[in-house]
Amino acid sequence: MHKAPDEEPEESLTVTPPKKWAAGVPAVVHALEYSLQETSARNTGVTLLTMNQVGGIDCPGCAWADPSPGHRHRNEYCENGAKHINDEATTRRVTADFFRRHSVSDLGRRSDMWLNQQGRLTEPVVKRPDSDHYEPISWGGALGLLAAELTSLDSPDEAVFYTSGRASNEAAFVLQLFSRAFGTNNLPDCSNMCHESSGFALHQTLGTGKGTVSLHDLHHADLIFLVGQNPATNHPRQLSALEQAKSNGARIVAVNPLPEAGLLRFKNPQKASGVIGHGVQIADRFLHIRPGGDLALFQGLNRLLLEAEDLRPGTVLDHEFIAEHTSGFEEFAEHTRAVEWEDVLAATGLTRTEIERVHEDVLRSERVIVCWAMGITQHRHGVPTIREIVNFLMLRGNLGRAGAGACPVRGHSNVQGDRTMGIWEQMPDSFLDALQGEFGFDPPRAHGLDSVNSIRAMREGRIKVFLALAGNFVRAAPDSTVTEEAMRTCRLTAHISTKLNRSHTVCGRTALILPTLGRTERDFQAGGEQFVTVEDSMSEVHASYGRLQPASKLLLSEVAILCRLARRTLDGRADVPWEEFEADYGAIRDRISRIVPGLHDFNRRVARPGGIRLPNPVNEGVFPTPLGKALFTRNDWEPPHLPEGHLLLQTLRSHDQWNTVPYTPDDRYRGIHGSRRVVLVNPQDVAALGLAEGRHVDLVSVWTDGAERRAEDFEVVPYPTTPGSAAAYYPETNVLVPLDSVAEFSNQPTSKGIVVRLEPTGTPAFAG
C-alpha cells in the first residue's frame, strides 16, 4: 500500500477524443485499481461482494434503487460506487502527528483531492482561538465545548445544523429532533443545492415532493426522457435499468447540452455483450439542447399535443384523467397555445423537425416517464421547468399508473431519507404535531434557514455556531469566497466527518472535527451490533450493515455523537430517551414508526429482504394539494441575457469524482486527463472569441451586484457543447456562482446558468 503523497502532484493536461460509450471492461479495471490502492484485497472483496446486497452495505454513493431480492447481480455495484465505498474503507489514517505537521493555513492551500487522500480521521481534534493547528481533545471535552457554546447563545436560532445525504435515517432523525428540542428549525441540507427545485415543483403540482416511479415502472415504460442528467458518471446503475427497458421495447430521448458517453451507448460489464460486443444504444434520439432550454422544449411538446387533440378530438389527451384528477387545464391550455415557435426554437437551439419527431414518439407511447437531475434543477426557472414536465405528463394521464410518471434522480444515497426524517427547515405542522405528541415538547413553528439563507445569516453575524453532520458544506455551497468569509464569522464550527475536506480548513474562532464511523464499519453499542437504514430515489427504505472493523477505536457513530451532545446540551429539557437511542437504534425506529406515515412497524418490516416501499399518494389517485387535485400551471420564462463575447457556463462533475471530492484529475469519458482546470467550449465559440486550444484563461462571472467573481487559470478545450455555452468542473468553479443567483421559489443556487467571459492570461500549454 503506497502512502499518500505529502506534496500535490503536478498537473499536466492531455486531451483525447470523448468516449462514445460507457462502462465495459475499463470500468471494472479502474474500479479495482482504485480500490486496491486504497485498501486491502480482503477489504475490497468484503465491500464489493456485500455492497447493495440483502444484509450488506448500502452504497454510500448515489441513491439509485436496487433491484428486488432474487433479481440482483452478485456484483450489484458500479465503477463509481466501488471507488466511493473503498475510498471510505481506505487504510490511510490521519493522526495527531499529521495535525502537528500541517497547520490549518497549510491545509487550506491544499487541493480537495489531496485532503481526501490523506485518509480516515481517527480522533476528535480542536482548533482553539488564536491557534493555527488542530490538536487532540477527548470526546468529553469536545462535546462539552460544543454544548457550552450552544447553551450560551442568546437564541437557538443563532445555531445552524447542516446535513449531508450520507447520514443514515436514524442519525438524521436524531439530529432534527435535537435541533427542534433545542428550539430551532435551522436545518439546511445538501438537497438545498441539488434537488430543492424538484421538491418545490412536485409539492406545488402533485402535493408530494417525491418521484412517482419504481424500477419496475422504468423497465416497462414505452418512452423514457433523460433530461439534464449524465447517468454514466452520477448514477451509473441507472444504465442497467435503461438497458432492461430497451430490451422490453422502450425508446429513449436524451436531452442534454453535452453528448455524454452514458447517453449514447452502454456496455454492461456483467454481460458478454458488454465485454466482447457493442453493448446497447441508449438514446434513440439525442436533443443537443441549449442550457436552460428545457422549459421551452416541453412547452413546445405540450402545444403540439393540444394541436393534435384539436385535429383528432378524443384520441390524444386523457380527458378522463384531466377531468377527474386535475385543476387549471383551461388556463394552462390558453397559455400554451400562445407560445411562439420562434421563442421555443431560440431557447432550445433545436429545429422544429427535431421537436416534432419527439412529439411523434410521444403519440406512439402509452406509458411515458421523464427522468431529470441537476441539469434541470440548477437554473433560475428550475421550478417552472419541472412544473411544465408535470403538465406534459398529465396531458396523457402519465401519472399514477404502471410504467409512467415523474422520476427526479437524486444524487446522494440518503438525501431523500433525510427529508422523510424531518431534515427540512419548512416541515409541515402535521410532522411537528406528531413530534409534540410523541416527545412532549412543542417544536418551533417558524421556518428556519436553508443553505443559502444560512450563509447570508452567517455573513451578517446572526449565526454563532455551525454544526455539520457529514458533507463538505464550504465546497458544496455557491460563491466560495463569500461562503468562506461567512463561515469564519462563527464562534464555533464543528464537523462530524469520516475524512478531511475543505470545510475543516475554513474555521470559526474555535473549530472541532468529530470523527465518525463510516457506513462500511461495524457499529457496536450497549444494545449490541447495530444497523442503519436509508431511502433511495424511488422511496424504498432498506437496512445497511457495516462489515469492516472501525478505522480507529476512538470513533463514535453519528447517532452516538448526536445523542451525547443532546444530553449535555438539553439537560432534560425534552422527554427524549437519548441514552436508549444511543444504545439501540431500534428504539429510534420505533419512534419514527409513530411519526412518519408509511413507516409503521418499522423494525419488523425493514428486516425483510427488500425493505419497505413508502407509499406515494399519486399512485393511489390522491393529490394532497390545497384543491385535492393535481394542478396544471402556467409557466413563463426569460432566457438569460448574454452580452456579446460571453458564454453560459454550467458546472459539472468529472467521472472520477464524488460530489465535491475528486479521486483523480481525470475525466475518462470526456477525454480529459491530468488536470481539472479546464473549460469545455464549442469550437465555433473558441474561434469567435479569438481563443485557441490550450489557451489559459480566467473565468469571470457577471452578476447584477456589479462584483466580478473569478476562477483563475483554466485551459480551453474545444468540445461539442451547444454553441454559446461552456462547461467546467465544480467545486473549483463554485466561486463563480453568486450567492443571490438562485432559482425562483426554491432558493437553489443556479450552478447550471452562469454568465461568464473568458479572459486570456497566458500562452497555450499543450498541443492536443
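A nonpolar patch on the surface of this predicted model is formed by Val25, Val29, Val275 and Ile276, which together have about 360 Å² of accessible area. Accessible areas come from the Shrake-Rupley method with a 1.4 Å probe, and for residues only the protein chains shown count as cover.

Residues are numbered from 1 along each chain as its sequence is written, and side-chain values use heavy atoms, with hydrogens and water left out. As the model is predicted, local features need pLDDT of at least 70 and side-chain atom pairs count only at pLDDT 80 or more, whereas totals for chains, interfaces and linings use all residues.

An open sheet is formed by 6 strands in the order 6-5-18-17-16-7, with mixed pairing. Its edge strands, each pairing on one side only, are strand 6 (135–136) and strand 7 (159–163). Two strands are taken to pair if DSSP finds at least two bridges between them. Strand 5 (residues 125–127) runs antiparallel to strand 18 (residues 510–515), the two being paired over 3 bridges. Valine 126 has leucine 512 of strand 18 as its bridge partner. Helix 7 (residues 139–151) packs on the sheet and touches strand 5, strand 7, strand 16 (465–469), strand 17 (492–497) and strand 18; contact means heavy atoms within 4.5 Å. The direction of helix 7 makes about 130° with that of strand 18, where axes are lines fitted to C-alpha atoms, for helices over the stretch in contact, and angles run from 0 to 180 degrees between N-to-C directions. In the loop between strand 5 and strand 6 lies aspartate 130, which has a positive phi of about 70° although it is not a glycine. With a relative accessible area of 77%, aspartate 130 is exposed.

A hairpin is formed by strand 21 (residues 532–535) and strand 22 (residues 540–544), with 4 residues between the two strands. Strand 21 and strand 22 pair in the antiparallel sense over 4 bridges, and glutamate 535 stands opposite valine 541 in strand 22. In a regular strand the side chains alternate between the two faces of the sheet. In strand 21, Val532 and Val534 point one way, Thr533 and Glu535 point the other way, and all are buried. Serine 539, in the turn of the hairpin, has a positive phi of about 65°.

The structure contains 54 salt bridges, each defined as a side-chain nitrogen of Lys or Arg within 4 Å of a carboxyl oxygen of Asp or Glu. Glutamate 170 and arginine 589 form one of them, with the closest N and O atoms 3.0 Å apart. This pair links distant parts of the chain, 419 residues apart, with glutamate 170 in helix 8 (residues 169–182) and arginine 589 in helix 29 (residues 585–593). Both glutamate 170 and arginine 589 are buried. Aspartate 667 and arginine 670 are likewise buried, and their salt bridge has its closest N and O atoms 2.7 Å apart. A network of salt bridges that share partners joins Lys246, Arg251, Asp284, Arg285, Asp361 and Arg364. Arginine 462 forms a salt bridge with glutamate 460 (2.8 Å, N to O); arginine 462 counts as partly exposed because its relative accessibility is 42%.

Most residues other than glycine have a negative phi, and most peptide bonds are trans. The loop between strand 32 (725–729) and strand 33 (754–760) contains proline 731, which is joined to tyrosine 730 by a cis peptide bond with omega of about 10°. Asparagine 747 is found in the loop between strand 32 and strand 33 and has a positive phi of about 65° although it is not a glycine. The relative accessible area of asparagine 747 is 15%, so this residue is buried.

Notes: Patches are made of residues with over 30% relative accessible area and no salt bridge: like charges are joined within 9 Å, nonpolar side chains (Val, Leu, Ile, Met, Phe, Trp, Tyr) within 5 Å. Buried means under 20% relative accessible area, exposed over 50%, partly exposed in between (1.4 Å probe, protein chains only).
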